[in-house]
Amino acid sequence: MTQSKRKIVIVGGGITGLAAAYRAQEKINTEQLDAEITIVEANHRLGGKIQTVVQDGFVIERGPDSFLERKKSMGRLITDVGMEEKLVPNATGQAFILVNDKLHPMPGGAIMGIPTQIRPFMLTDLISLTGKLRAAGDFVLPKSNRQDDQSLGTFFRRRLGNEVVENLIEPLLSGIYAGDIDQISLQSTFPQYGKLEQEHRSLIAGMKKTSPAANRKPGEKKKSMFLTLSTGLESLVETLETRLSDCDILKGTRVESISCGDRYQLSLNSGAVIEADSVIFTVPHFTAGSVFSDSGLLEQIEHIPATSVATVAMAFDQEEVENILDGTGFVVSRNSDYTITACTWTDRKWPHTTPEGKVLLRCYVGRAGDETVVDLSDDQIEKIVLDDLNKIIKVKSKPDFTIVTRWKKAMPQYTVGHRERLAAVRTELEKNYPGVYLAGASYDGIGLPDCIDQGEAAAYKALNYITQ
């Protein structure tokens, strides 16, 4: 009797699962491996949080709108599927921070809110003189002897003081994680800052020596940090799906449990059971945890906090919006009395997204401890956002249209000790379920390139496992 092909099942068809499937298929074909791939996706579409609306000449992202250029895996994937000609950089421009009902320009040289140039920092009115003097203490404070994990808030407050944290660093980091920086782990999000302190003692001096700006030649233009696709990020999902010609894709299908035998048995919500030699879970931690609920194997990470957020895209005629400053958008200090957490002037930052004579604003609501707004109706959210915007700029009419997108429990919070808990879970997983892997935003990075890196690494581990 002929033995069946070795099989990898990928649970979840977001960007992590798609990257894993693409690289696994590539290696199987290149090396003529006797293996096959199945993707199981609970929704009726692939792509997860990557969703693009193309309407009336606008290109509007419901989820992530771009990726960091310096993290190469997404650009490489886009190139490998033949879409590199659609890559577009963001238009660089001034970013602002909203504090005390005023938009303050981000000080020149600030990297993630950390000042690296003295003059712009001393001239900003974002920080009081007392706050500036406290931040200067970073140059003389000794490095920490802590070896254990700590929160971002604890680390940055010790180095730079409360005021810089509240008015500069926190709004930017909250914009990335929608979380509480006094709970988020330094080791699991920005371990490089801890290393800079250890190597240079002064965080500011370390940032100044190692930042890209430090290596920029005089007069050299600041490089765009972000890239996206002119056709919208969902066009990458569509291309990947067509390229996965040797992959079996089950949409609208959910994995409910896993059991061990000669092969893994995955029970589906349809009542069917599929077998696998290796399984890659790319779904959120709480979804993966429910699959292992009988064994309690993922219990340590199953209850990782996850914040709900919403994006609110609004289109206007140009003459209906006034007093927008020359820049790309702003983030909001937590101390400010606003519901929105950030706003991108999308037609400025990404000119390709917006027809001539139109304005596209993309606002964000929801963060740790302030998530109830996400559950309001579209009309209520639109009114709240417009009320907030009218305190800053002048919006003379209702939008031509508004697209509200809710992302429930979408932003996993890597709280202090996350890396250790995850390592313990993976050790148990390897012991009890060899050949089963975790990858995706819940685990080792939430950005698109981070997810792709994890998916690709898991694919190669799975292939090594089934061919050993």
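Two strands are said to pair here if DSSP finds at least two bridges between them, and the strands themselves (E, at least two residues), like the helices (H or I, at least four residues), are DSSP runs numbered from the N terminus. The structure is a predicted model, in which local features need pLDDT of at least 70 and side-chain atom pairs count only at pLDDT 80 or more, while totals for chains, interfaces and linings use all residues. Residues are numbered from 1 along each chain as its sequence is written, and side-chain values use heavy atoms, with hydrogens and water left out.

Burial is judged by relative accessible area, where buried means under 20%, exposed over 50%, and partly exposed in between, computed with a 1.4 Å probe on protein chains only. By that criterion six of the six residues of β18 (residues 340–345) are buried, so this strand is largely enclosed by the rest of the structure.

Strands of a sheet pair through backbone hydrogen bonds, either parallel or antiparallel.

A further group of strands forms an open sheet of three, in the order β5-β9-β6, with antiparallel pairing. Strands β5 (67–68) and β6 (87–89) stand at its edges, each with a single partner strand, so one side of each is left without a neighbour in the sheet. The pairing of β6 with β9 runs over three bridges, and Pro 89 stands opposite Leu 227 in β9.

On a 1 Å grid over the protein atoms alone, a cavity is a set of points where a 1.4 Å probe fits but cannot get out, and its lining residues have an atom within 4 Å of a point; grid points are joined across faces, edges and corners, and a volume is the space filled by probe spheres set on the points. The count by this rule is one cavity of 30 Å³ or more, and the largest cavity has a volume of about 120 Å³. Its lining comprises 14 residues, of which Val 59, Glu 61, Asp 65, Thr 346 and Thr 353 are the closest to the centre. Strands β4 (58–61), β9 (226–229) and β19 (358–365) each supply at least two residues of this lining, and the largest share, three residues, comes from β4. In composition, the lining divides into six nonpolar, five polar and three charged residues, where Ala, Val, Leu, Ile, Met, Phe, Trp, Tyr, Cys and Pro count as nonpolar, Asp, Glu, Lys and Arg as charged, and the others, Gly among them, as polar.

Among the helices, α8 (residues 191–200) has Tyr 193, Gly 194, Leu 196 and Glu 197 as its buried residues. Seen down the helix axis, these fall within an arc of 155°, taken over the directions from the axis to the C-beta atoms, so they line one face of α8. On the other side of α8, Lys 195 and Glu 199 are exposed. The buried residues pack against α5 (152–160), α7 (186–189) and α9 (203–210), contact meaning heavy atoms within 4.5 Å. In the loop between α8 and α9 lies Arg 201, which has a positive phi near 65° although it is a residue other than glycine, and which counts as partly exposed at 34% relative accessibility.

Lys 409, found in strand β21 (residues 401–412), has a positive phi of about 50° although it is not a glycine, and at 43% relative accessibility Lys 409 counts as partly exposed. Glu 382, by contrast, has its place in helix α14 (residues 378–389) and is buried, with a relative accessible area of 9%. Leaving aside neighbours within four places in sequence, Glu 382 is in contact with Met 314, Lys 398, Pro 399 and Thr 402.

Conventions. On a 1 Å grid over the protein atoms alone, a cavity is a set of points where a 1.4 Å probe fits but cannot get out, and a pocket is an open set with protein on both sides within 12 Å along at least five of seven lines; lining residues have an atom within 4 Å of a point.
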